[in-house]
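Please read this report with the sequence and the three-dimensional structure at hand.

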Amino acid sequence: MPPALADSGSAMPRQILPAYQQECAACHLAYPPGMLPAPSWNRIMGGLERHYGTDASLDEASVRQIGAWLQTHAGSYKRVSSVAPPQDRITRSPWFERKHRELDPTIWKQGAVKSAANCMACHSGAEKGRFDDDELRFPAGLDARYRRHWEQD
C-alpha cells in the first residue's frame, strides 16, 4: 500500500517531525522518508558519525526520535521496499535511476546541479516532497545544451 500523500500530491508526510527538519535539512534536503525502505533508514540513523563522508552525529534522544519517525513513514510500497539501494542512497535506487535515465550523466557534476542528491536544483517542489515532472525547472546557470532534458514532448 503506498504511503498516504498530502492533498498536494506530496511524498512528504503531512506532519513533518520538527527535529527531522531542523537536523537533516541543515545540510541537505530533508528527503521524504517514503523514498527509502525502513532498513535503509535504520542503517543511516545507526551510522550518523560517518554519514556519507560527514560526521552528522546527534544526541541519543534525537536519534531515537528521528529514527522512529523515519521507520513509521518509510517506503513500504513495492518500488521502494523490494530492495534497499546500494549504500542506502536514494540516487542509486532502481526507481531513481529509471526516472533519470535520459539525463546526461555529466549534468550531475555541473555547478548548477552539483550532484544527483540535489533534488532542489531541478524539482521546485522538492522541499515539500513533490517531484512531479510538471514542476521541473531548468537550473539557473546550467549550460543550455542540457535544456532538451527539461523540454516536454
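## Charged pairs

Asp143 and Arg145 form a salt bridge, in which the closest N and O atoms are 3.6 Å apart. Of the two partners, Asp143 is partly exposed, with a relative accessible area of 37%, while Arg145 is exposed, at 55%. The model described here is a predicted one.

In total, the structure holds five salt bridges.

| Asp88 | Arg43 | 2.8 Å |

Which parts of the chain does the pair of Asp88 and Arg43 link? Asp88 forms its salt bridge with Arg43, and the pair joins distant parts of the chain, 45 residues apart. Asp88 belongs to the loop between helix H4 (78–81) and helix H5 (94–99), whereas Arg43 belongs to helix H2. The surroundings of the two residues can also be described. Asp88 has a relative accessible area of 9% and is therefore buried, since the cut-off for a buried residue is under 20%. Arg43, by contrast, is partly exposed, with a relative accessible area of 45%.

Arg50 counts as exposed, because its relative accessibility of 57% is over 50%. Arg50 is located in the loop between H2 and helix H3 (60–73). Computed from C-alpha to C-alpha in the model, Arg50 and Arg64 are 17 Å apart in space, and they are 14 residues apart in sequence.

## Overall fold

The chain contains five helices and zero strands, so that its pattern along the sequence is written α-α-α-α-α. The C-alpha trace spans about 50 × 35 × 25 Å along its principal axes. For 153 residues, a compact globule would have a radius of gyration near 15 Å, and the value for the chain, 16 Å, agrees with this. Buried residues account for 39% of the 153 residues.

## Cysteines

A disulfide is a covalent bond between the sulfur atoms of two cysteines. How many disulfides does a search of the whole structure find? The search finds zero. Two cysteines illustrate why. The closest cysteine sulfur to that of Cys24 is in Cys27, at 8.5 Å, which is too far for a bond. The sulfur of Cys119 has its closest cysteine sulfur in Cys122, at 8.8 Å, again too far for a bond. For comparison, a disulfide requires the sulfur atoms to lie within 2.5 Å. Both residues count as buried: Cys24 has a relative accessibility of 16%, and Cys119 has one of 10%.

Rolling a probe the size of a water molecule over the atoms shows where empty space is left. The second largest pocket has a volume of about 750 Å³. It is lined by 31 residues, and those closest to its centre are His28, Leu29, Tyr31, His51 and Tyr52. Helix H1 (18–24) and helix H2 (38–46) are the elements that give two or more residues to this lining. What classes of residue make up the lining of the second largest pocket? There are 20 nonpolar, six polar and five charged residues.

Technical notes
Residues numbered from 1 in each chain as written. Predicted model: local features only at pLDDT ≥ 70, side-chain atom pairs only at ≥ 80, totals over all residues. Heavy atoms only, no water. 1 Å grid on protein atoms, 1.4 Å probe; cavity = no way out; pocket = protein on both sides within 12 Å on 5 of 7 lines; lining within 4 Å. Points joined across faces, edges and corners; volume = space filled by probe spheres on them. Helix = DSSP H or I, 4+ residues; strand = E, 2+ residues; numbered from the N terminus. Nonpolar A, V, L, I, M, F, W, Y, C, P; charged D, E, K, R; others polar. Salt bridge = Lys/Arg side-chain N within 4 Å of Asp/Glu carboxyl O. Buried < 20%, exposed > 50% of the residue type's maximum accessible area, 1.4 Å probe, protein only. Rg over C-alpha atoms; globule rule 2.2 N^0.38 Å.
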